[in-house]
Amino acid sequence: MKTSIPRLILHPEDIQYIPDNITHILQQLKSIQLISELISNTDLYLAGNEFTNLLTFLGCSPNINLNPDDGDQFCSMSIPDSHESATLLGYTSMIIPRCPGCKHKITDWKQHFHDWKKADYIYSCSECQTETPVTKLKWRQEAGYGRFCITINHIHPHEAVPSEKLLNTLRQTGNTDWTYFYATN
Ligand SMILES: [Zn+2]
């Protein structure tokens with residue numbers, strides 16, 4: 001999948017969690033009609049009839065395509081392969097994380113990207129000397145870590161949030177809470 005696509009990413013709050021039955025998750029998402037069919041020869045699921053009710057769009061008139069006939073930038077859902085260890089699942093191009101201790105902006109985080117991709121990397125603040133796991137920095141829902149996620153493609157940062165019904169449906173598939181963030185990278 002092209003990584004430049006803006007997307008809403010849903011993932012378990014427990015960054016180590018991997019569902020043991022992905023088929024069950026797909027069945028549940030079909031039954032609430034977030035998604036419908038898999039597009040042949042792709043890993044993309046078409047939006048279902050309840051797509052725009054299961055996401056809460058924050059603007060007054062969302063300009064989204066739900067059908068491939070409406071253009072290439074139609075909303076779809078995919079489930080990337082799981083990671084062997086918790087890793088950075090995505091981030092927006094503009095995000096600058098902050099230290100939770102002193103709110104210091106960590107402007108140079110991408111200079112050590114290889115370290116920052118790992119969820120067990122510890123950030124040591126140059127201002128207040130607090131040591132914080134990168135997963136606990138203030139990312140303002142513009143980055144997230146984990147081993148497993150669901151991506152909803154062609155949703156721009158802060159354009160829409162998952163409804164309670166959608167998050168509850170995901171929670172019930174594995175008795176674990178789910179959260180979300182946005183990514184463009
Ligand atoms: Zn600090």
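What percentage of the 185 residues in the protein chain do buried residues make up? In this predicted model, the share of buried residues is 43%. The fold is built from four helices and twelve strands. Along the principal axes of the protein chain, the C-alpha trace spans about 50 × 35 × 30 Å. The radius of gyration is 17 Å, which agrees with the value near 16 Å that a compact globule of 185 residues would have.

Contacts and surface were examined next. Among contacts in the protein chain with a separation of 6 or more, 70% are accounted for by residues 24 or more positions apart. The protein chain exposes about 10000 Å², and carbon and sulfur atoms supply 44% of this area.

T92 is placed in the loop between β6, which covers residues 87-91, and α3, which covers residues 113-116. The relative accessibility of T92 is 3%, and T92 therefore counts as buried, the cut-off for this class being under 20%. Residues up to four places away in sequence aside, T92 touches E142, P157, Y182, A183, T184 and N185. With E142, one of these residues, the contact of T92 is also polar: the two side chains make a polar contact at 2.5 Å. T92 is thus a loop residue that is buried and whose side chain makes a polar contact with the side chain of E142.

Notes:
Residues numbered from 1 in each chain as written. Predicted model: local features only at pLDDT ≥ 70, side-chain atom pairs only at ≥ 80, totals over all residues. Heavy atoms only, no water. Helix = DSSP H or I, 4+ residues; strand = E, 2+ residues; numbered from the N terminus. Buried < 20%, exposed > 50% of the residue type's maximum accessible area, 1.4 Å probe, protein only. Polar contact = N/O pair within 3.5 Å; in protein donor to acceptor, adjacent residues only side chain to side chain. Contact = heavy atoms within 4.5 Å. Rg over C-alpha atoms; globule rule 2.2 N^0.38 Å. Areas by Shrake-Rupley, 256 points an atom, 1.4 Å probe, with all protein chains shown as cover.
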